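Dear colleague,

Please find below the sequence and structure that I am handing over to you.

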Amino acid sequence: MPAAMASAAARSAGAAPPGAARGADAALNRALARLVRHADGPPGIAVVVQRGLRGVLYRAGTANLATGAPIRASDSMRLASVAKAFSGATALALVADGRLSLGDTVGRRLPGLPRAWARVTLRELLQHTSGIPDFSQTKSFRKALTKSPLKAPPPAVLLSFAPKRLNFTPGSKYEYSNSDNIVVGLMVQAATGKTYRSQLRDRVLAPLGLARTSLPRGTALPAPIVHGYAVDPPHHPADVTHLFAAGWAWASGAVVSTPRDANAFIRGYARGATTSPAAHRAQFTFRPGSSDPPGPGKNSAGLAIFRYQTRCGTVYGHTGNTPGYTQFVAATRNGSRSVVVSINSQITPKMNPNRFTELRRIYTLAVCAALARGHAG
């Protein structure tokens, strides 16, 4: 079940964490306050740090510019590409059960997809070494999304926007592609004869106790929510929470969750709670490759998980960004220490390099707080 959660303010009324942990927490709090003061910064930021049995929520700014309400640990938000870790968890649960193998090919499980993709394996899909072009970067996809933002096509149609030829020989290089996790979701369905949504629920959400996590197809988020904003000063931030249907991202980016659930997920996922020891070892085979947007420190790509080697230590997780939201989740390999960083605007190296540099420093500060000695919750 998800661990208990306390706000930073509530915890200050009790025993303060000693030594290094106290200093790391203070540095993190100062950085959050600075980020939301910028005119081009996000309206709000929430950070969950867990060093033991209890998670602590640090926050600045607001979840809703209309009301000024702070972000709460139980508020719904879009996880963006952190959803790729969820589709990875679902596939690896099936690997553990023998329903899929990392060597399964697209041609075997999904013979209707382009012939050029036939030899791509599940392992290559999960590590973004497939060579399958990213459907979401094409003009045809953008045109279709613009024409029908509130109604998404069936998942298989998303892949029709991708070029049929591979970008490179599978396994020969790393290239982040949203197409990979759409194919993973379809392989899950082909292997089980059931929907990806049902397999995600039964093999990941239910076992980890993630009652506030879901895979919607439309625009709605379960209330209460963290509103997402497009920030473009001097214009007033525009609410883009319901800009497009989640089905346009499906297994690659449609998961909706909360800071509390996201924290519980990454703690279980990093320690291999929903797969076998053998599959978990295979998952933690890394090669050079960055998540999108980059996480803190040196990034390396495993199977639907990234390794972040920072000045304070190493954690494993995923990042994500979509209109209105930017996310980072990570935990130690045994899942005992974890961090979630969520903001309610889209900040990337290309869209806002200054604020992203600052946000990436916050990622590092949050990791340092999670790994700080002197407090085990």
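Two strands are said to pair if DSSP finds at least two bridges between them. Strands (E, at least two residues) and helices (H or I, at least four residues) are DSSP runs, numbered from the N terminus.

The model is a predicted one, in which local features need pLDDT of at least 70 and side-chain atom pairs count only at pLDDT 80 or more, while totals for chains, interfaces and linings use all residues. Residues are numbered from 1 along each chain as its sequence is written, and side-chain values use heavy atoms, with hydrogens and water left out.

**Strand β13**

Strand β13 covers residues 338-343. Strand β2 (residues 44-50) runs antiparallel to β13 and is joined to it by six bridges; Val48 has Val340 as its bridge partner. Strand β12 (residues 325-331) is also antiparallel to β13, again with six bridges, and here Val340 is the partner of Val329. Six residues lie between the strands in the hairpin of β12 and β13, where Gly335 takes a positive phi near 75°.

**Salt bridges**

A salt bridge is a side-chain nitrogen of Lys or Arg within 4 Å of a carboxyl oxygen of Asp or Glu. The whole structure holds eight of them. One joins Asp97 and Arg203 at 2.5 Å, N to O. This pair links distant parts of the chain, 106 residues apart: Asp97 is in helix α3 (residues 83-97) and Arg203 in helix α9 (residues 196-205). Arg203 counts as buried, at 18% relative accessibility.

Another joins Asp75 and Arg72 at 3.2 Å, N to O. Asp75 is buried, with a relative accessible area of 1%, whereas Arg72 is partly exposed at 42%.

In a third, Asp104 meets Arg108 at 2.6 Å, N to O. Asp104 is buried at 5% relative accessibility, and Arg108 is exposed at 57%. Elsewhere, salt bridges that share partners join Asp40, Arg355 and Glu358 into one network.

I hope that these notes are of use to you.

Yours sincerely,
A colleague

Note on methods
Buried means under 20% relative accessible area, exposed over 50%, partly exposed in between (1.4 Å probe, protein chains only).
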